[in-house]
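Here are some exercises to work through with the model open beside you. Try each task before you read its solution.

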Amino acid sequence: MNQAIVLEALIKTVIVIGGLATGAAYLVLLERKMAAWVQDRIGPNRAGIPLTDIRLGGLGQPLADGLKVLFKEDFTPAHVDRWLFTLAPVLILVAAFAAFAVIPFGSVLPVRSAATGTGAPVSLVIAPGVNVAVLYVFAVSSIAVYGVILGGWASNNKYSLLGGLRSSAQLIAYELPMGLGLLGIVVAAGSLNLEEIIVRQAAGGWYVLLQPLGFIVFVVAAFAEAARLPFDLPECEQELVGGYHTEYSGMRLLLFLLTEFLHMITAAALIVILFLGGWHLPGGLTGSTDEVGWFGALARVVVLVGKVFLVIVVFMLVRWSWPRFRYDQLMSLAWKVMLPLGMVNFLTVAVLEQVRWAWRLEGPYWTALLAAAAWGVCAIAVVLLAVAAPGVADNRGCRFTESEEQTG
Amino acid sequence: MNGASGWLCAVLLLGMVALCLLLPATTRRRRWAGALLGLLSLLLMLVEVLLPLVSWTAQAVFWVLAAVTIGAAVAAISMTKPVYTAVWFGLSLLGTASLLLFDGAQFLSIATVAVYAGAILVTFLFVIMLAQPEGRAVYDRITWRWYSKAAAALVAAILMGILTLALDRFARTEVPWAPALEQLDVLHPAHMARFGGELFSKHLLSIEVAGALLLVALVGAISIMIQSGRSPGAPPERMEP
């Protein structure tokens, strides 16, 4: 029984890590292709099956890229702190992989698990039934900050240090709105378990419809935590060369780049699981009970992975559509816009849930009414925000504003 | 004094000497000796105090985690570079969190990582990085010779001895473990929800007081920051017309 638990977890771990590494490699290709499409180019289309002339539209590119990076010299500059310089990429990669221990990649398989002994079906998550799954993801993602800071500091380079500082400040600042966006979910679902949250959405409606404000706050914060383009100040090429991984090359650079894509997958998976219903698809393709056949189980995996893929495509579209924030804009967005919105969301959800609970407002009509109330609050909050405009920063020097006031 | 406490005393004495040798000093040779002595004392401890755990794997996992935690903690106090100290301290916190998880206290474990490793230590690291400390800190340049090290190691040894003896007595009194755990709800499937319920019903006042305290600290920090911005050396905030 003990061995069965370990074996089951090991098999799932191998599947998840293999899938993630391969997925990240092909996401690099997808990103390059999408960049090409957005910019009206063709993109990488030469590399196909090795040693033949078959091109497959560039599908061999990740393999070629990987080999290229592996065979490059892994150079350690003379002025760096050797131990921390090596520790940083490893640490950040381990933290990125560790988050997937509690993120489900499906529902259950219709096989009685030998591990638990109770005859429960096999859950498609490495650590099933973790009571604090959401908090665990948060804790592990806060470990990732170490990789960035240490990498930037150990490089002993101005640009790296600045990149590391920016990144850590950004990650710490956006953890707050992310947590606030999530609190509404926890209140509504009554659980911190990601599988349980999906089940609740399958039964009572997706949270993107019930908590629109929370969705907005969470998605913006997720972009910032993944350091995707509107928020990619840690490594903005024009200002900082490459940010905290300027000094890295070869395999260790690959670890950093892989981690960036892993963070994006984590963020997309969290958005899907928390707000977009996980494996649930209305229309009867996937029901809400745990009694599923093989077709249902596989369909759920396909639906969940497909949703994550679609969210990642949105991430990439955003990357090639928007310019980067200025640093003060980034911070004022976090503290002056997202934080109040998150608090409004939390209060709204708490009040609505209390109303629902106190008067026992069950059924689709009441749910629709409560959702409409949440949308109303969302609209009012956004309008008020537009009027107050706390994010508009006048960062001209003090003298200029003074003289302008005096002259007219 | 029976055999067990004599053994404990010997182990603690060994650990004390190891700690004294490990603390930052001018030569490196003594620190290697200290590391070896420390390992030896840990092994002797292992021989004496085998915990009554269910299985061999559980025993192994516990000891690996415990050794990592203690080793990282010792490394944290014996490093000369502040950045390394912070990193080792972080590892020690991760070990502590793993031990808590091992005991089934999921929330405490995650909170340790998120709050201490994820927030507080990152802030430390931030400050250390910005300060770019070179070489030894000021408190290392002031010398109290070996007295301070010896006193620190002695206090640590006494504390550990007392704790071990107390826990030993606690373990010897017959505690019905299974009902106790059930009562504590540590192993309950929904222990987070129960934990929250407990916190916000029985301990509501403490929570509110702690929250108010943190808010006051926050406001205080901001007010200090604003005041220091108006220091006499700095230019005035608004130009008088």
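The exercises below come with step-by-step solutions.

This is a predicted model, where local features need pLDDT of at least 70, side-chain atom pairs count only at pLDDT 80 or more, and totals for chains, interfaces and linings use all residues. Residues are numbered from 1 along each chain as its sequence is written, with chains lettered from A and ligands numbered from 1 in the order in which they are written.

**Exercise 1.** Find where confidence is lowest and highest in chain B.

Start with the mean pLDDT (the predictor's confidence in each residue, from 0 to 100): chain B has 75. Next, go by element: helix H8 (residues 177-184) of chain B is lowest, at a mean of 49, and helix H10 (residues 204-229) of chain B is highest, at 89.

**Exercise 2.** Work out how H12(A) packs against H13(A).

First, take the geometry: helix H12 (residues 327-359) of chain A and helix H13 (residues 364-388) of chain A pack at about 155°, axes 11 Å apart. (Axes are lines fitted to C-alpha atoms, for helices over the stretch in contact, and angles run from 0 to 180 degrees between N-to-C directions.) That angle makes H12(A) roughly antiparallel to H13(A), a label for angles over 145 degrees. Last, look at who meets whom: Val337(A) and Leu341(A) are among the H12(A) residues there, and Leu370(A) and Ala373(A) among those of H13(A).

Key:
Helix = DSSP H or I, 4+ residues; strand = E, 2+ residues; numbered from the N terminus. Parallel < 35°, antiparallel > 145°, perpendicular 65-115°, else oblique. Contact = placed C-beta atoms within 7 Å.
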